[in-house]
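Please keep the sequence and the coordinates in view while reading.

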Amino acid sequence: MRVLMFGNALTGHMLPLLPLARAFRQQGHTVSFVSAAGMAGLIEREGFTLFPAGPGMDEVMAKVIRRVGPDLMKGNPAVFAAELFAAERVDLSAEEALAAATAWSPDLVVAEHCDFVGPLVAAVLKVPSVVVAVDPALEPDMLDAMAEAARSRYLERGLEAPVHAFSGDLLVDLCPPSLQRGGALPPLETVALRPEPHRRADGTQPAPRVPGTGRPRVLVSFSTASKESALGPVLRSLSELDVDLVATTGGAPTDGLDVPPGRVELVAFVPAAELFDGVAVVVHHGGSGTTFGTGSRGLPAVVVPGTAGQQRQAFRVQKTGAGLALPIGEQAPEAVTAAVARVLSEPAFAQAARGLRDEIAAMPSASQVAADLTNWVAAW
């Protein structure tokens with residue numbers, strides 16, 4: 001079987017597709033990807049082929065902002081997301097993607113849930129399509145806006161427009177049940193897929209790490225969009241605790257962090273599967289990759305959200321008992337440090353995190369889902 005995977009040129013949207021891609025390959029199938037050329041390094045390190053289509057997301061976003069104005073992103077995030085993912089990116093990428101897919105001739109299209117190019121290509125080629133929900137269910141108004149924005153792109157190609165987003169024939173959901181928004185998924189047949197922390201490609205060597213001292217290790221892993229100025233004060237405050245600190249920088253300069261010498265291990269990028277080793281608490285922004293990854297390892301968290309969507313996810317983590325959420329506007333470095341100290345000192349957080357780990361472990365593996373999808377395609 002030939003499986004063609006689609007994703008926006010965003011690392012957090014592409015990484016969750018890799019376990020399923022690897023599982024398909026291990027079962028003898030051929031897997032390739034379609035995204036912007038900037039994703040080539042990530043995809044080709046894994047041994048997959050990337051067919052480049054359309055510009056990177058920075059250029060797509062810039063075009064949306066020039067067309068509709070910068071205020072829309074803050075004033076109406078649902079419409080902005082629709083213009084970004086279901087309108088502008090489709091307009092800029094669909095023809096290149098369709099040409100590559102037509103030449104490659106896939107048997108199955110798999111797309112992450114904010115990719116609207118893959119389902120359109122599948123509709124043109126009349127092949128089954130699967131959408132992978134890499135986040136908890138989006139807000140209903142955002143789903144409606146996306147479906148409406150995609151509508152004209154289908155109609156102008158003589159295709160039946162999707163009546164809802166996500167569009168596809170089947171939904172694969174990575175969200176653990178206790179972190180999901182009830183009743184918010186589209187009316188598609190749905191199968192669960194166990195989320196996995198990102199691991200490095202087979203055959204590559206782990207990066208050298210600073211050995212621990214025996215003190216509790218606290219990982220600070222803010223999103224790659226976070227500012228250096230936000231990370232430094234948090235690390236300086238946390239360094240007052242009797243802990244070892246590890247912080248991800250996303251490759252940003254670290255000269256201005258001004259952290260105490262020898263107190264923090266700074267890493268540009270280490271796969272989450274390695275970052276989580278030996279960690280007692282994770283401080284993060286509430287992105288789904290880190291949220292699901294910490295859950296799969298049974299690690300309690302202090303969630304410092306940067307967006308409304310991350311804040312909703314942070315509250316869901318807190319509701320499970322597996323961590324604390326610091327709402328937007330209540331995130332002073334001292335508050336982060338106090339929350340970490342509490343999570344370290346109260347065993348109930350670690351116990352609840354282990355419960356979340358067990359829930360995730362009970363979800364179907366990538367190998368099982370790949371085999372089930374193979375049978376589903378055969379019967380389609």
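The accessible surface of the protein chain comes to about 16,100 Å², and carbon and sulfur atoms hold 53% of this area. Accessible areas come from the Shrake-Rupley method with a 1.4 Å probe, and for residues only the protein chains shown count as cover. The model is a predicted one, in which local features need pLDDT of at least 70 and side-chain atom pairs count only at pLDDT 80 or more, whereas totals for chains, interfaces and linings use all residues. Residues are numbered from 1 along each chain as its sequence is written, and side-chain values use heavy atoms, with hydrogens and water left out.

The protein chain contains 15 helices and 13 strands; these are DSSP runs numbered from the N terminus, helices being H or I with at least four residues and strands E with at least two. Its radius of gyration is 21 Å, close to the 21 Å that the globule rule gives for 380 residues, so the chain is as compact as a globular protein of that length. Here the radius is taken over C-alpha atoms, and the rule is 2.2 Å times the number of residues to the power 0.38. Along the principal axes, the C-alpha atoms fill a box of roughly 65 × 45 × 40 Å.

Of the 380 residues, 54% are buried, where buried means under 20% relative accessible area, exposed over 50%, and partly exposed in between (1.4 Å probe, protein chains only). Among contacts with a separation of 6 or more, 64% join residues 24 or more positions apart; a contact requires heavy atoms within 4.5 Å.

The interior can be described through its nonpolar cores, each a set of buried Ala, Val, Leu, Ile, Met, Phe, Trp, Tyr and Cys residues joined through side-chain atoms within 4.5 Å. The largest has 98 residues, and those with the most contacts inside it are Met5, Phe6, Phe24, Phe33, Ile43, Val130 and Met146. Helix α6, residues 77-104, gives the most to this core, with 15 residues. Apart from it lies another core of 24 residues, among them Leu241, Ala247, Val302 and Ala339.

Beyond its neighbours within four places in sequence, Phe24 is in contact with residues including Met1, Val3, Met5, Leu108 and Leu373. Ile43 belongs to helix α3, residues 40-45, and is buried, with a relative accessible area of 0%. With the same exclusion of sequence neighbours, the contacts of Ile43 are Met14, Leu18, Phe33, Phe48, Thr49 and Leu50.

Helix α6 also carries Glu96, which counts as partly exposed at 44% relative accessibility. Not counting residues up to four places away in sequence, Glu96 touches Pro52, Ala53 and Gly54. Between Glu96 and Ala371, 275 residues apart in sequence, the C-alpha distance is 30 Å.

Finally, some backbone features deserve attention. In the loop between α6 and β4 (108-112) lies Ser105, a residue other than glycine whose phi is positive, near 60 degrees. Ser105 is partly exposed, at 45% relative accessibility. Lys126, also not a glycine, has a positive phi of about 60 degrees; Lys126 lies in the loop between α7 (117-125) and β5 (129-133) and is exposed at 66% relative accessibility. A cis peptide bond, with omega about 5 degrees, joins Ala165 and Phe166, and Phe166 is found in the loop between α8 (140-155) and β6 (170-173).
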